[in-house]
Amino acid sequence: MCIRDSLKTEQALWYWATLTLTIAAAAVVFTVSEDLYPWVYIRYILGTIFMLWLPGYLFIKALFPTSHPLARPLETSGKALDTVERIALSLGMSISLVALIGLLLNYTPWGIRLAPIVSSLVALTTVFATAAVIREHRVKMEKKQ
């Protein structure tokens, strides 16, 4: 079974939901202005999820794929990551990744503005989600053998 077939299964539903959430968050951030009440609250909620949770969650999911029923997680100190550890690592890693993106964008001609930051986070989130789904697929294939 190839990765394309794996993306069509129920186990990869989180991948499509993540990409949909990422695109929706970027669209809302670009289309809803700061003074358009009450829609601005949707922008704040999606923007917070998009910046403070998704990049780190997907990075941690790529490193420690445990959501798949057949996945063999990487072990940390003799046990797999539990939910509290995963949430804490996701938040911390998201803050670190967003800060690193801001630092790198500071040295580019685009600078630290809304469009480059959101575009970079969309690209980073897509890359990490794809890496996570590929890793889950590989672990699943190893488990079958």
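These are my notebook entries on a predicted model, taken one topic at a time.

**Entry: helix α3**

I started with α3, which covers residues 39–52 and has 14 residues. I looked up its reach from first C-alpha to last and got 20 Å, close to the 20 Å expected at 1.5 Å a residue. Next I asked myself which residues of α3 are buried. My list reads Val 40, Arg 43, Leu 46, Gly 47 and Phe 50. Looking down the axis of α3, I see these buried residues fall within an arc of 130°, so they line one face of the helix. What do they pack against? I noted α2 (13–31), α4 (54–63) and α6 (114–144).

**Entry: the nonpolar patch**

I found a nonpolar patch of about 670 Å², with Ile 45, Ile 49, Met 51, Leu 52, Trp 53, Ile 87, Leu 91 and Ile 95 in it. Which helix gives the most to it? That's α3, with 4 residues. I also wrote down that α3 and α5 (83–106) each supply at least two residues. Trp 53 sits in the loop between α3 and α4.

**Entry: Leu 97**

I picked Leu 97 in helix α5 next. Is Leu 97 buried or exposed? It counts as buried, because its relative accessibility is 11% and the cut-off for buried is under 20%. I then checked what Leu 97 touches, leaving out residues up to four places away in sequence: Pro 55, Gly 56, Phe 59, Leu 124 and Phe 128.

**Entry: salt bridges**

How many salt bridges are there in the whole structure? My search turned up 2.

One of them joins the side chains of Arg 43 and Glu 34, at 3.6 Å from N to O. Arg 43 was already on my buried list for α3, and its relative accessibility is 12%. Glu 34 is partly exposed, at 44% relative accessible area.

I also looked up Lys 61 and Glu 136, whose side chains meet in a salt bridge at 3.1 Å, N to O. This pair links distant parts of the chain, since Lys 61 is in helix α4 and Glu 136 is in helix α6, 75 residues apart. Lys 61 is buried, with a relative accessible area of 2%. Glu 136 counts as buried too, at 4% relative accessibility.

Technical notes
Residues are numbered from 1 along each chain as its sequence is written. This is a predicted model: local features need pLDDT of at least 70, side-chain atom pairs count only at pLDDT 80 or more; totals for chains, interfaces and linings use all residues. Side-chain values use heavy atoms; hydrogens and water are left out. The expected span of a helix is 1.5 Å times one less than its number of residues. Buried means under 20% relative accessible area, exposed over 50%, partly exposed in between (1.4 Å probe, protein chains only). The arc is that of the directions from the helix axis to the C-beta atoms. Contact means heavy atoms within 4.5 Å. Patches are made of residues with over 30% relative accessible area and no salt bridge: like charges are joined within 9 Å, nonpolar side chains (Val, Leu, Ile, Met, Phe, Trp, Tyr) within 5 Å. Accessible areas come from the Shrake-Rupley method with a 1.4 Å probe; for residues, only the protein chains shown count as cover. A salt bridge is a side-chain nitrogen of Lys or Arg within 4 Å of a carboxyl oxygen of Asp or Glu.
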